[in-house]
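Welcome to my notebook page. I jotted down what I looked up, one topic at a time.

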Amino acid sequence: MRYKIFNGSKSAHCCFDATVMDTTKPEIIGGKHYAGRDGQLHYETVCECFNLEDAKLICDALNAAEAST
C-alpha cells in the first residue's frame, strides 16, 4: 500500500491523532531515511487528522485510487 497511517501527529500538534503518509516519498535527513525514536520510518505527510477514523477513510480512498490506475 502506498499510503499508510502514522499514529500521532508528525508535526507534534496535540490536536491531531493520526498522520497519513506517502510511502513513495521517504523523508531523508543527513542522507538517510529518517526513523523516529520508535524506529518507525517517516515519509512525506499527505495530511494530519483529528481522529484515526478519518485518517483510515482518507488512506483507504487514496490507496483505492492508486490501485485503480
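**Overall fold**

I read along the sequence and found the pattern β-β-β-β-β-α. That comes to one helix and five strands, where helices (H or I, at least four residues) and strands (E, at least two) are DSSP runs numbered from the N terminus. The radius of gyration is 12 Å, close to the 11 Å that the globule rule gives for 69 residues, so the chain is as compact as a globular protein of that length. Here the radius is taken over C-alpha atoms, and the rule is 2.2 Å times the number of residues to the power 0.38.

**Ground rules**

I noted that this is a predicted model, where local features need pLDDT of at least 70 and side-chain atom pairs pLDDT 80 or more, while totals for chains, interfaces and linings use all residues. Residues are numbered from 1 along each chain as its sequence is written, and side-chain values use heavy atoms, leaving out hydrogens and water.

**Cysteines**

How many disulfides are there? I counted zero, a disulfide being a pair of cysteine sulfur atoms within 2.5 Å. The sulfur of Cys15 is too far for a bond, because the closest cysteine sulfur, in Cys14, is 5.6 Å away. Cys49 is in no disulfide either, with the nearest cysteine sulfur, that of Cys47, 4.0 Å away.

I then checked cover: buried means under 20% relative accessible area, exposed over 50%, partly exposed in between (1.4 Å probe, protein chains only). Cys15 is partly exposed at 38%, and Cys49 is buried at 5%.

**Asp22**

I found Asp22 in strand β2 (residues 18-26), buried at 3% relative accessibility.
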